[in-house]
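Let's take a friendly walk through a protein chain together. Keep the sequence and the 3D view beside you as you read.

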Amino acid sequence: MAQTTDPLLSNIKSIPKDAQIIDAIVKDEGITDYEDRIINRLLEFVNRYAGNIIDDAQRFANHSNNKKTIDVQDVALAINQQSNKNFITTPDKELTAIMAKSKNSVPLPQIKSSSGMRLPPDRYSLIACNYRLKSPSKKVSNMLVYFVIMYSEKIG
């Protein structure tokens with residue numbers, strides 16, 4: 001275990017059995033330098049994961065013929081569902097290569113020769129006009145005519 005300053009953790013008897021198992025797993029993986037709270041985080045993850053598996057397995061058992069007991073198939077289905085939901089699987093390298101080869105086999109369209117800078121259509125452009133001017137109402141235009149007449153009379 002990592003260097004600990006907590007007097008409770010310094011005695012191996014005071015550490016719960018689950019924490020000792022997690023600590024042994026971490027040491028078996030070759031990790032020697034870690035903070036003490038890592039063990040607590042891993043314990044929380046394991047308990048939450050196992051609880052979700054059991055809850056899902058119970059739901060699957062209840063759904064299939066209203067069984068009261070959980071069997072191996074319910075647990076296997078719950079584990080499969082949790083791994084699909086919580087863990088990301090990377091695609092197979094060969095499958096990715098096949099998909100890339102099929103996608104890259106289609107040639108790109110030829111670039112049209114035109115003068116000037118080539119810009120995307122206006123609907124995709126950030127420099128396109130994204131507003132419309134509202135046409136002035138009759139009332140506003142009448143008021144403008146009135147002010148123009150009044151102003152011209154004062155000047156002239």
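## Helices and ground rules

Helices (H or I, at least four residues) and strands (E, at least two) are DSSP runs, numbered from the N terminus. This is a predicted model, in which local features need pLDDT of at least 70 and side-chain atom pairs count only at pLDDT 80 or more, while totals for chains, interfaces and linings use all residues. Residues are numbered from 1 along each chain as its sequence is written, and side-chain values use heavy atoms, with hydrogens and water left out.

With that in hand, you can read the overall plan: the chain has six helices and zero strands. Starting at the N terminus, the elements follow the order α-α-α-α-α-α.

## Buried or exposed?

A residue is called buried under 20% relative accessible area, exposed over 50%, and partly exposed in between (1.4 Å probe, protein chains only). Of the chain's 156 residues, 12% count as buried.

Some of the buried residues build nonpolar cores. A nonpolar core is a set of buried Ala, Val, Leu, Ile, Met, Phe, Trp, Tyr and Cys residues joined through side-chain atoms within 4.5 Å. Which residues make up the largest nonpolar core? There are seven: Ile-15, Ala-19, Ile-22, Val-26, Tyr-34, Ile-39 and Leu-43. The elements that give two or more residues to this core are α2 and α3, and α2 gives the most, with three residues.

## Salt bridges

Side chains of opposite charge can pair when their charged atoms come close. A salt bridge is counted when a side-chain nitrogen of Lys or Arg lies within 4 Å of a carboxyl oxygen of Asp or Glu. By this rule, the count comes to three salt bridges.

Let's begin in helix α2 (residues 17–28), which holds both Lys-27 and Asp-23, four residues apart, about one turn of the helix. Their salt bridge has its closest N and O atoms 3.6 Å apart. Lys-27 counts as partly exposed because its relative accessibility is 45%, whereas Asp-23 counts as buried because its value is 10%. Asp-23 has another partner too: its side chain makes a polar contact with the side chain of Tyr-34 (2.3 Å). A polar contact is a pair of N or O atoms within 3.5 Å; within protein, one must be able to donate a hydrogen and the other to accept it, and residues adjacent in sequence count only if both atoms are side-chain atoms. Tyr-34 is also one of the residues of the largest nonpolar core.

Now look at helix α3 (residues 37–63), where Arg-59 and Asp-56 sit three residues apart, about one turn of the helix. Their side chains meet in a salt bridge (2.7 Å, N to O). Arg-59 counts as exposed, at 53% relative accessibility, but Asp-56 counts as buried, at 8%. Glu-35 and Arg-37 form a salt bridge as well, at 2.8 Å from N to O. Here Glu-35 is partly exposed, with a relative accessible area of 45%, and Arg-37 counts as exposed, at 52%.

## Aromatic rings

Rings of Phe, Tyr and Trp (its six-membered ring) pair if their centres lie within 6.5 Å; planes under 30 degrees apart count as stacked, over 60 as edge-to-face and the rest as tilted. The structure holds three aromatic pairs. One of them joins Phe-45 and Tyr-49, which are stacked, at 5.9 Å centre to centre with 15° between the planes. These two residues are separated by about one helical turn because they are four residues apart in helix α3. Phe-45 counts as partly exposed, at 35% relative accessibility, and Tyr-49 counts as partly exposed at 22%.

Phe-45 also pairs with Phe-87: the ring centres are 6.4 Å apart and the planes are at 70°, so this pair is edge-to-face. Phe-45 lies in helix α3 and Phe-87 in the loop between α4 (72–86) and α5 (93–104), so the pair ties together parts that are 42 residues apart in sequence. Phe-87 is partly exposed, with a relative accessible area of 39%. Phe-45, Tyr-49 and Phe-87 form one aromatic cluster.

## A nonpolar surface patch

Finally, find Phe-147 in helix α6 (residues 138–155). Together with Met-143, Tyr-146 and Met-150, Phe-147 makes a nonpolar surface patch of about 420 Å².

Patches are made of residues with over 30% relative accessible area and no salt bridge: like charges are joined within 9 Å, nonpolar side chains (Val, Leu, Ile, Met, Phe, Trp, Tyr) within 5 Å. Accessible areas come from the Shrake-Rupley method with a 1.4 Å probe; for residues, only the protein chains shown count as cover.
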